[in-house]
Every structure is written in C-alpha cells, then in structure tokens.
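Hi,

Here is the structure I said I would pass on.

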Amino acid sequence: MIAAKVRPARSRGGYRAGRVSLGWIATFCLPALVLYGMFVVVPLVTAFSYGLFRWEGIRPAEFAGLGNYQEVLTRYPLNEEIPAALWHNLLFFAGTMAIQNTVGLGLAVLLYRNPRGKRLFQTVFSLPYLISPLIVGYIWSLLLSPTFGPINFLLRTAGLDAWARPWLGDPDTALPVLILVNAWQWIGGPMLIFLAALGGIPRELEEAAAMDGASKFRAFWSVRFPLLMPAVGVITVLTFIGCFNLFDLVYALGGSDGGPSGAMDVLGLLYYRTAFEGGTNSIGESSALAIMIFVVVFGVSVALERFLRRREVRM
Amino acid sequence: MSRTRRGLFAAIGALAMTLSACAPSAPEDQAGPGAASGPITLDVWGWRQEDAAAYQKIFKIYEDAHPGVKVKYVPYKADEYDTILRTGLSDANGPDVAQLRSYGLLQPLVAAKSLVPLDDQVKELSGFPEPVLDGARGESDKRVYGVPFAIQSLHVIYNKKLFAKHGVNPPKTWDEMTAAFDKLAAADLTPLATTITDTWMLPIQQEIFGATSYGGYDYLEKMRTGAAKFTDRPWVESLTKWKSTSKYWPRQFEGVSYVDAQALFTSEQAAMFPGGIWELAVFGKSNPDLELGIFNVPPPEGAATAKTLVPGYVDGSFGVAAKSPHQSQAMDLVRWMASPEFGQAFSTELRQISAVPGVTPQDPLLAQALAAYQADPSPYVTYAYFSGGTPTAWDLASEALSTFVTGRSGAEDAAKHIQQGVDQWFKPTQ
C-alpha cells in the first residue's frame with residue numbers, strides 16, 4: 001500500500017523534469033555559469049598561464065615553463081619567507097580554531113541554555129561582522145598603540161606597567177594579538193552556526209542522558225557534541241580557507257611586511273609583496289605563487305572535508 | 001526554431017548586450033575623424049591626490065603660454081598608482097605624461113617599453129647633475145625616461161621652541177648631539193620621534209644617523225665596483241651607530257607607527273623627528289604653531305668622513321607614454337617641466353625642493369636643506385642604487401633593520417641579509 005502511494009509521486013516527478021526543456025535549464029543556469037566562469041575560472045586559468053611566462057613589466061617576454069615556480073621557491077629571501085609565512089598561517093588557523101571557534105561554541109551553548117537576551121547578544125556578538133577588516137585593523141592599531149592607545153594607558157593607570165607592551169611591534173605578541181582581533185571580529189559566525197545546529201538537536205536526547213545519570217558536561221560531550229559534528233566540519237573548513245586567505249586585517253595591523261621582524265607575515269602578504277612591490281617579472285612570479293597557494297588551500301580543504309565527513313560517520 | 005535554441009539565443013543575446021554596455025568607450029579626443037576638433041587635452045597621471053589643486057595652478061602657466069593645449073592632472077591613490085599606471089600605459093587610453101617612481105620602481109615600465117626615452121628629445125636634461133638623472137634612468141639601457149621633479153633630502157627636524165626652552169642648539173659634534181638628547185630626555189621629553197612598525201622608515205633613519213659612518217658617495221662608488229659590501233665594517237658600523245640612539249626613541253618604540261611618531265612630534269611630546277624634508281608640509285598643516293628647524297647628524301668617532309653628510313634622493317620624474325596619441329605635445333610639456341619656470345612654480349606651490357638646476361626655494365628651510373644637500377650630499381644607498389633587481393636592497397633593508405632594532409638579530413646578520421639578497425642579481429661595474 002505504501003509502495004503504491006510512493007510510485008505515482010516518483011513518476012510525477014520524472015514527468016515534470018522531462019517537460020522542462022534543456023533550453024530553459026540553460027537559460028537559468030547560464031548567468032550563474034557565466035559569472036562563475038568570468039570571476040573564478042578565467043582568473044584561475046589566466047593566473048596559471050601567466051605563471052608560465054617570464055614578464056617584462058606588463059609584457060609577456062618568453063615562455064618560462066616552471067621557471068617562475070623554481071624562482072619563487074629558490075630565491076633568497078623568498079625561499080625562507082614562504083615556509084615562515086605558511087607556518088604563521090598554520091599558527092593563525094590553530095589559534096583561531098582554539099579561541100574563536102571554541103569560544104563561539106561556548107557562547108552558543110550559553111545562549112541556547114539561557115534564552116533571555118538571546119537576540120540582543122546574538123546581534124551584539126555579530127555586529128563586528130558588518131565592519132570591514134581594514135577598519136577593524138585600523139581601529140585596533142589605534143587602541144593598541146603604545147604611545148596614544150587607551151589599552152596601555154588603562155594598564156599603566158591600574159599600576160600594571162609591566163603588562164603594557166608594544167603589542168603589534170613585539171614579535172612575541174604580534175601574532176597572538178592578530179588571532180585575538182580576528183576572533184573579536186568573526187566570533188559571531190561560528191556562534192550563529194552552532195546555535196542553529198544546537199536548535200536542531202532534540203532535547204530529549206540530553207534529557208535521556210541526564211536520566212541515565214550523566215553529568216551536564218558528560219551529556220554535552222557524549223550526546224550533543226557528536227551531533228554538532230556536521231557544524232564543526234563546516235566551520236573548520238571555512239576557518240581554514242579564511243585563515244589561509246588572510247590579508248586585509250593583517251595588512252591593516254602590520255603593513256605589507258607583516259610588522260617588525262615579519263612576525264605576522266602570511267601567504268597573502270607575501271603574494272601582495274611579490275605582485276605589487278616586486279620587480280620586472282612580478283606578474284609571472286606572483287601568478288606562480290598564487291597557484292601554489294591555491295593548490296595548498298584547495299588540496300587541504302578537500303582533504304579536511306573528507307576527513308571530517310568520515311569522523312562524522314564514525315561518531 | 002526549437003524552444004531550446006530560442007532560449008539559448010535569448011540568453012546569449014542578453015549577455016552580449018550586457019557585455020557591450022560594459023565595454024570601454026574611446027576617449028573624447030580619439031572619437032574618430034568625425035569628431036569636432038578642439039583644444040588638445042594632455043592627461044598627466046600622478047599619485048599625489050593632495051597636490052591636485054597645486055598642479056592645476058602650475059599647469060595653468062603652461063596653458064596660458066600654449067593656447068590649444070589643456071593639461072589635466074589626474075591623481076590616483078598612492079598605493080594603487082603603480083598598478084593602475086602599468087595597465088594605463090599599455091594602451092592609448094592611458095596618460096600622455098605620467099609621474100614616475102624613481103630608481104628600481106621605474107624599471108618594470110622601462111622593461112615593458114611603456115615610456116619614451118628622453119635623452120635625445122629633452123636637451124634641458126644635459127644641465128641636470130648625473131646623480132639626479134640616475135633616479136630616472138633605465139637600469140638595462142642607461143637611458144633617461146623622465147624629467148626629475150623633486151629632490152628629497154633627509155634630516156633631523158627639530159622643534160625650535162623646545163630646543164630654546166631647554167637650552168639646546170643644533171649639534172656640531174656627535175657628543176654634543178647625544179648630550180642634547182640626554183638633556184631633552186631628562187626634561188621628560190621624547191628626544192627622537194621614531195617609528196618601527198612602518199618598516200619603510202627604517203632605512204631612512206639608518207641613512208640619517210649612519211651615513212657618515214660608512215662615508216656616503218665614496219663608499220657607494222666602492223660598492224658599485226664590488227670593492228666594498230654591505231657586510232663590510234663601515235656599513236655594519238652605520239647600523240650600530242644608528243641603533244645606539246635607541247635609548248632616545250619613544251617608550252616601547254617597537255610598537256610605534258609612523259603616524260604615532262608624527263603625532264608625538266606635532267603634539268610637542270617629542271623634540272625631534274628624523275625623516276624626509278617632505279614632512280615640513282605635513283607638520284606645518286598639523287600644527288601651524290610649530291617652529292621648525294633642521295640639522296644633520298655630525299660624524300661619530302671613527303666615522304669614515306669628517307663631514308656632516310646630508311642624504312638625499314630623487315623622488316620621481318615625469319615621462320612620456322609611448323602609446324600617447326599626442327606624443328609631440330606631451331614632449332613639449334616635459335621639456336617645460338625641465339625649465340626653471342616649472343621648477344620655481346613647483347617649489348613654491350608644493351613646498352618641495354625642485355630637481356631643476358638653479359631653482360632656489362622661497363621657503364628658508366627648504367633653501368637651507370637644498371644648500372646643505374648640495375654642499376655635502378650623500379646617497380640613499382638601499383633605495384637608489386641597489387634597487388634595479390629583485391629583491392631590492394630597500395626591501396631587504398626594511399626587513400633586516402626591523403629584525404635588528406627589535407633585537408632579533410645583530411648588525412652583521414642584518415647586513416648579511418641585504419648582501420645575500422643583492423648578490424643574486426647585482427653585477428659590479430668594471
């Protein structure tokens with residue numbers, strides 16, 4: 001009986017799909033495909049082809065094959081700056097995962113359990129989202145200034161002179177400060193995703209665990225958290241992509257060199273310097289570097305996504 | 001025609017219309033044979049948005065003397081200008097005359113053959129000193145591609161009122177200088193408003209305090225022939241001497257930005273600012289009550305020269321676009337830019353030192369700076385003379401000096417970083 005009900009629905013669906021002509025499908029898909037092609041595929045293919053030539057200013061001079069890749073990977077100091085920048089990106093990713101996403105999850109759980117003021121706090125935590133990272137960087141560089149900044153002024157007023165540091169100038173504090181400022185801006189993102197995911201988990205599951213004698217922590221960790229794994233996966237991949245495409249905030253906080261001693265130098269800044277502060281062959285070298293960055297980000301994102309999906313299935 | 005095809009044609013047609021609407025149109029003065037003839041407009045592209053009004057005033061002099069030619073200064077944002085110019089020079093829709101960066105930053109445009117060499121065309125250039133023309137020269141062919149417009153000299157700019165209040169005079173010796181710094185520090189002032197986070201200022205500060213240690217042009221000549229290196233003792237010593245002044249820098253100088261340093265000086269919390277002569281106009285606008293003076297750093301004990309050297313360099317030049325449809329009129333304009341009439345107007349309107357020989361600035365401080373630079377000039381080595389290849393000495397120095405002043409490396413390591421980078425492309429002259 002059930003099968004009989006299902007069958008006509010299937011055939012009706014198939015019938016409808018058959019009636020929509022390929023022309024109409026193409027008409028509706030074409031604008032998106034053209035935009036995607038123009039702004040994603042064409043620049044990518046162009047960058048790849050540019051990277052295969054040696055350039056003289058804006059003129060391709062000769063076919064260089066993988067010469068630009070070799071140049072970028074072997075020329076001093078780029079050959080030392082690339083691994084250093086990659087390491088900074090990795091630290092930035094790890095720090096962002098540990099602070100932004102963990103605190104974001106904590107805030108989401110708090111708001112989920114205490115609905116009073118939920119909308120207000122949702123808005124408050126998400127507000128920095130609306131500000132351009134360049135402006136955020138500029139404002140924080142003013143706040144953190146050791147000469148005129150209010151943060152060091154407050155610390156000194158409170159008698160905590162030793163805590164007043166040249167935050168963005170000291171190579172030991174620059175990267176942690178960058179991670180914190182970035183988390184300040186984007187913490188609303190993971191919080192909203194986790195909040196939505198928490199809302200989708202039936203309360204009965206945690207109640208059942210409580211009835212079985214599980215503590216609140218145990219109920220969260222063993223019952224609710226595994227069901228949040230799809231959200232964790234999405235956020236991890238998005239965070240990875242965001243962290244490896246980092247540019248505007250770090251540029252505003254530390255300039256194109258990534259601050260004194262290059263403590264905040266990341267791949268995005270390295271690309272910028274190669275492309276816009278480079279020499280005669282800057283187009284060729286920066287295109288090669290861009291392709292390498294793309295391969296790393298794309299490859300790791302795909303691997304990360306697959307790994308997390310497998311974990312989800314296991315949990 | 002089937003529905004499918006009709007749908008596809010409709011979509012392609014709509015897309016074609018959209019794209020054609022987005023396509024660039026021809027500029028007004030190239031609208032084809034049918035276009036009305038009128039005055040020719042020469043577009044002069046530049047990176048000085050803040051100088052646009054002054055340039056229009058300067059070009060009015062030229063327009064009055066050349067009826068039928070209009071000159072329009074088109075400024076772009078300074079940090080986007082190089083990219084915009086590279087693209088703009090690739091076709092006839094770009095500038096007729098372009099403001100060009102000097103030394104290494106000029107080379108991509110020379111390599112792309114985007115500019116017309118001026119040596120044979122602008123005879124007035126023969127009156128310019130060779131070091132000034134170096135700023136507008138192609139590294140590969142040694143030809144001159146622009147008429148230099150400004151010389152920037154580097155000094156210690158000081159607050160006259162604060163100096164007088166604390167009984168300090170511009171120093172004649174290194175010891176006098178450090179004694180003056182001590183006196184100002186004891187009065188709870190920051191003696192030197194320096195920046196570290198804006199690393200491009202570090203090679204400037206190093207030249208101001210270190211030029212006499214390595215010896216200026218004499219040492220440069222040895223470097224160019226391969227007889228001396230960044231890693232040799234005189235140049236390394238210039239780093240050490242410069243850093244020895246760090247006890248007079250702002251508290252927690254590692255985190256002080258360029259803007260912070262400027263604010264420290266204009267708010268009279270700092271007595272001196274080591275920087276370029278261009279700062280005079282900025283400081284004058286920020287605090288019109290400031291009474292400014294300049295001096296240069298006297299040689300320390302063991303310096304390579306007994307003279308007080310004044311570092312300086314060519315800030316930029318004006319060149320003619322190879323694809324300009326009005327090349328002959330553009331050439332006339334740059335010829336005028338090499339004349340004393342332009343130089344004087346430039347110096348007066350923009351409060352800068354003109355690169356045109358014989359032009360004396362009306363501003364007494366600029367005149368003092370120019371006279372001092374002409375008497376004992378010193379090169380801006382990393383920016384001007386080792387910037388023709390990749391990586392440039394200037395980029396390497398900005399990185400290395402920031403590591404050095406934040407205590408992450410020694411002077412020798414910093415010098416080695418620069419030398420190692422430059423060695424990859426620099427060929428000594430025979």
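Which residues in α17(B) and α18(B) meet each other? That is where I started, and before I answer, please keep in mind that this is a predicted model.

From α17(B) the residues are B:Ala393, B:Leu396, B:Ala397, B:Glu399, B:Ala400, B:Leu401, B:Thr403 and B:Phe404, and from α18(B) they are B:Ala411, B:Ala414, B:His417, B:Ile418, B:Gly421 and B:Val422. Sorted by class, this contact has ten nonpolar, three polar and one charged residues. The two axes come within 9 Å and cross at roughly 160°. Angles over 145 degrees count as roughly antiparallel, and therefore α17(B) and α18(B) are roughly antiparallel to each other. Their crossing is right-handed.

α17(B) also packs against another helix. Helix α8 of chain B (residues 202-214) meets α17 of chain B (residues 393-405) at an angle of about 80°, with the axes 8 Å apart. That angle makes α8(B) roughly perpendicular to α17(B). On the α8(B) side the contact is made by B:Leu202, B:Pro203 and B:Gln206, and on the α17(B) side by B:Trp394, B:Ala397, B:Ser398, B:Leu401, B:Ser402 and B:Val405. These residues divide into six nonpolar, three polar and no charged. If you compare the lists, B:Ala397 and B:Leu401 are named in the contact with α8(B) and also in the one with α18(B).

A cis peptide bond joins B:Thr390 and B:Pro391, with omega about 0°. B:Pro391 sits in the loop between α16 (381-384) and α17 of chain B. Another one to check in chain B is B:Asp188, whose phi is near 65°, a positive value in a residue other than glycine. You will find B:Asp188 in the loop between α7 (174-186) and β5 (190-192) of chain B.

Now the domains of chain B. The assignment gives domain 1 (37-151 + 313-374) and domain 2 (153-312 + 378-422). Taken over C-alpha atoms, the centres of domain 1 and domain 2 of chain B are separated by 29 Å. Where they touch, 17 residues of domain 1 of chain B are in contact with 17 residues of domain 2 of chain B. Helix α15 of chain B (residues 364-375) gives the most to the domain 1 side, with six residues. That side has nine nonpolar, five polar and three charged residues.

How many residues does each chain bring to the contact between chain A and chain B? Chain B gives 48 residues and chain A gives 38 residues. On the chain B side, the elements that give two or more residues are α1 (3-22), α3 (78-88), α4 (107-111), α11 (258-266), α17 and α18 (411-422). The largest share, nine residues, comes from α1(B). By class, the side of chain B that touches chain A has 14 nonpolar, 22 polar and twelve charged residues.On to chain A. Helix α2 (residues 22-50) and helix α15 (residues 282-314) of chain A pack at an angle of about 125°, with their axes 7 Å apart. α2(A) and α15(A) are therefore oblique to each other, and α2(A) passes α15(A) in a left-handed crossing. A:Ala47, A:Phe48 and A:Tyr50 in α2(A) meet A:Ile283, A:Gly284, A:Ser287, A:Ala290 and A:Ile291 in α15(A). The residues of this contact are six nonpolar, two polar and no charged.

Chain A has a cis peptide bond too, from A:Tyr76 to A:Pro77, with omega near 0°. A:Pro77 lies in the loop between α3 (67-74) and α4 (78-113) of chain A.

Finally, a word on confidence in chain A. The mean pLDDT of chain A is 90, and 94% of its residues reach 70 or more. Confidence in this chain is highest in helix α8 (residues 171-186) of chain A, at 97, and lowest in helix α1 (residues 2-19) of chain A, at a mean of 48. Over residues 1-15 of chain A, pLDDT stays under 50, and the model has zero contacts beyond four places in sequence for that stretch.

Cheers

Terms used
Residues are numbered from 1 along each chain as its sequence is written. Chains are lettered from A and ligands numbered from 1 in the order in which they are written. This is a predicted model: local features need pLDDT of at least 70, side-chain atom pairs count only at pLDDT 80 or more; totals for chains, interfaces and linings use all residues. Axes are lines fitted to C-alpha atoms, for helices over the stretch in contact, and angles run from 0 to 180 degrees between N-to-C directions. Helices (H or I, at least four residues) and strands (E, at least two) are DSSP runs, numbered from the N terminus. Angles under 35 degrees count as roughly parallel, over 145 as roughly antiparallel, 65 to 115 as roughly perpendicular and the rest as oblique. Two residues are in contact if their C-beta atoms, placed from the backbone, lie within 7 Å. Ala, Val, Leu, Ile, Met, Phe, Trp, Tyr, Cys and Pro count as nonpolar, Asp, Glu, Lys and Arg as charged, and the others, Gly among them, as polar. pLDDT is the predictor's confidence in each residue, from 0 to 100. Domain bounds come from an automatic or database domain assignment. A crossing is left-handed if the near helix is turned anticlockwise from the far one by less than a right angle, and right-handed if clockwise.
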